[in-house]
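Trainee: I would like to learn how the words used for a structure follow from the numbers behind them. Could we go through them step by step?
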Amino acid sequence: MTIISSLMHRKCLSKLCKSALLLMLILSVMINISFIIDTNRKLQLKQQTIDLHKVNGLSSRQPKHQEIIEKSQNSESRQNIAKIDIVSSKQLVSVKVNGKSIYLTENFDEDRGIHILVLNQANLNILARRVYDTYQGQEDEAMINFLNLLNPGRILIMAIKDEGTFSLKDESKAFLAKFGSEKSKLLHWRDMWAFVGIVGKGKLSEKLSVSPDVSSWGEPIVLSVNITLVPVAESHCKNWPDDAASRRRQIFCDNHEGYGNVCSCDNPQLLHYPKSPTLENGKSLDIPVAIIASNRAEYLFKTLTILLKTPGVAVDKITVFIDGFYDEPYDVARLLNLRAIQHTPSGTKNARITQHYKASLTATFELFPDAEYVIILEEDLQVSPDFFSYFDQTKSLLDKDETLYCVSAWNDQGYEHSCKDPSLLYRIETMPGLGWMMKKSLFLNDLYPQWPAADKQWDWDMWMRHAQIRKSRECIIPDISRTYHFGSKGLNINPYFQKLYFESHKLQSKPSVKLKDVDKLTSENYELLIKDLIKSAKVLDHSKDPCVDDFIPSTQNETYVMYIEMTSATDFDTWKYLAKCYKLWDLDVRGFHKSMWRQFMKDNHLIIVGVPASPYAIFKPEDVKPYLFEDPKKKPKE
């Protein structure tokens, strides 16, 4: 029995081992099959990538801007002939010169539209790079404006990524034809397109790939062309004078393009002014001006060239503060012989801008320790002819009245249809920014110690408007703004927003304006002025719809008053309704003084008073019922 039992035990062990081996074999087969399938999938993906890069000939890294293209060792290079390869596709736009990548944008969900590169015709440096999202409105107009500023002889490259035709108007397509394009007029939805030409001479090569249907994209394009480079001497203007300004000009034009007559050989733009224009007293305004800049050099150039021609400018008081080590805005400032300071960014997004303001203001008062004020101007603001005169006439108010926070050149409600008097000033509780002046003591003693840290996502202006920071202080503003916001691209701005809220703002255009009643802008005097104004104003007919055209009479130079319901100082429902109706700033509530707004409508001064929130509600006649328009989005109170 023992022998039989032993044999049976061995037989069971043998079966068990065989079963285990079979199970391991099955698992091994399954793992190998899975590995083969996965490997095959990865190889297919890799092959797709390889195929794409065979088309593109690109690495995944963006080449450094303004890097001089190294000469190839082939015969073409020795003959000063360069080969340029351009790719236009759904996924990317790329440009190679002599096999070397100089431009690549390959994230599918970024940089949609028409990409433009401008190269130096002598050394192939990138002089300008722009992306115009011509899927959106107004972008083609910005593109045309840029192309109009290019100088003859430059190498022009254009290519579409993803989609670039949805808002590309027929006249814009026709304009591209003026540069030599034979296919721009044929461009349609999701077509791919690449173009190379010489500005002023026409097309060198061009390709178009038509999308087969509305749900598909055109096939990727590879456009290759050989270009004969010109000698460096021929790329320079021979008739510029040999002086410091021309040397700065030459350095700038060897590295940048898109600035119109700055680089014109025949009619170069003036870069310096032998005698700065002065105020009426023959002097300049002795207040430092801090220009807050980033990497929008074309905006900065426009702002600075207008500022330098404005009466009262003190050139030595201007400092351009650049948030980051960007070459082009720095070169713009140096071109105009202005002081420029770059610094390392701190924080991200809005926090970064807030830290940039802090660093710039701190540096300003270090540069000018005796200054009692500072004027802050962003890089995308055009100033009025009386910009410095405006601040010269109002700066004393900051000394006389401790209840004042700032003097601003901007009126949020100052649209073409809602302002009229260039000599009129207001007091308001909100802080407008967009070209403003404050005292050094306010910044150093009050704001600086509380300034938000870099890890706090505060907008600097929203922070300054916060009740705990503002402390009931007010700002002086003009009826007609002394600055105009023209920038349409930035962290908090796009072409649509610019057109909707800024494009129709009015800019004061007279060369010299004597401001009236400046002495009445102090706190106590302003209260007397407003009370007299409301008491003498004509009360509008409150039985009418305030949004109909004849609500405000077709008179001129009259003062009218209307009353709206405001149960508290923060009850803005009716005001928001009227702001939309009157096409005023309606994103948030701005421009009020003690629950009262002032503006012009149909050439008449209109005062809107909140009842009972405003102390001026006491002037409401008993038979007048305030307008009430509730926000339909608000839940009814239970």
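Mentor: Let us begin with the largest cavity of this predicted model, which holds about 70 Å³ of space.

Trainee: What makes this space a cavity?

Mentor: A cavity is a set of points where a 1.4 Å probe fits but cannot get out, and the space of about 70 Å³ was assigned to that class. Rolling a probe the size of a water molecule over the atoms shows where empty space is left.

Trainee: Which residues lie closest to the centre of the largest cavity?

Mentor: The lining has 13 residues, and Tyr426, Ile428, Gly591, Trp597 and Arg598 are the closest to the centre. Two elements, β16 (425–428) and β22 (596–601), each give two or more residues to this lining. Sorted by class, the lining consists of 7 nonpolar, 4 polar and 2 charged residues.

Trainee: How do you know that Cys237 and Cys265 are joined by a disulfide?

Mentor: The rule asks for two cysteine sulfur atoms within 2.5 Å, and the S to S distance of Cys237 and Cys265 is 1.9 Å, so the pair counts as a disulfide. The torsion about this S-S bond is -75°, and the link is left-handed. Cys237 sits in the loop between α5 (232–235) and α6 (244–253), while Cys265 sits in the loop between α6 and β10 (289–293), so the bond ties together parts that are 28 residues apart in sequence.

Trainee: What does the pair of Cys253 and Cys263 tie together?

Mentor: Cys253 and Cys263 form a disulfide with an S to S distance of 2.0 Å, and its torsion of -95° goes with a left-handed link. Because Cys253 lies in helix α6 and Cys263 in the loop between α6 and β10, this pair ties together parts that are 10 residues apart in sequence. Cys253, at 4% relative accessible area, is buried, and Cys263, at 8%, is buried too.

Trainee: Why is the disulfide of Cys406 and Cys475 called right-handed?

Mentor: The torsion about the S-S bond of Cys406 and Cys475 is about 115°, and therefore this disulfide is right-handed. Their S to S distance is 2.2 Å, which is within the 2.5 Å limit. Cys406 belongs to strand β15 (residues 404–408) and Cys475 to strand β18 (residues 474–478), so the pair ties together parts that are 69 residues apart in sequence. Cys406 has 1% relative accessibility and counts as buried, and Cys475, also at 1%, counts as buried as well.

Trainee: How many disulfides does the structure hold, and which pattern do they follow?

Mentor: There are 4 disulfides, and with bonded cysteines counted along the chain, the pattern is 1-4, 2-3, 5-6, 7-8.

Trainee: How many bridges join strand β1 to β9?

Mentor: Strand β1 (residues 81–88) and β9 run antiparallel and are joined by 8 bridges, and since two strands pair if at least two bridges are found between them, β1 and β9 count as paired. One of the partners in β9 is Ser224, which is bridged to Asp85. Ser224 also belongs to the uncovered face of β9 (residues 221–228), with Val222, Asn226 and Thr228, whereas Ile221, Leu223, Val225 and Ile227 form the covered face.

Note on methods: Residues numbered from 1 in each chain as written. Predicted model: local features only at pLDDT ≥ 70, side-chain atom pairs only at ≥ 80, totals over all residues. Heavy atoms only, no water. Buried < 20%, exposed > 50% of the residue type's maximum accessible area, 1.4 Å probe, protein only. Helix = DSSP H or I, 4+ residues; strand = E, 2+ residues; numbered from the N terminus. 1 Å grid on protein atoms, 1.4 Å probe; cavity = no way out; pocket = protein on both sides within 12 Å on 5 of 7 lines; lining within 4 Å. Points joined across faces, edges and corners; volume = space filled by probe spheres on them. Nonpolar A, V, L, I, M, F, W, Y, C, P; charged D, E, K, R; others polar.
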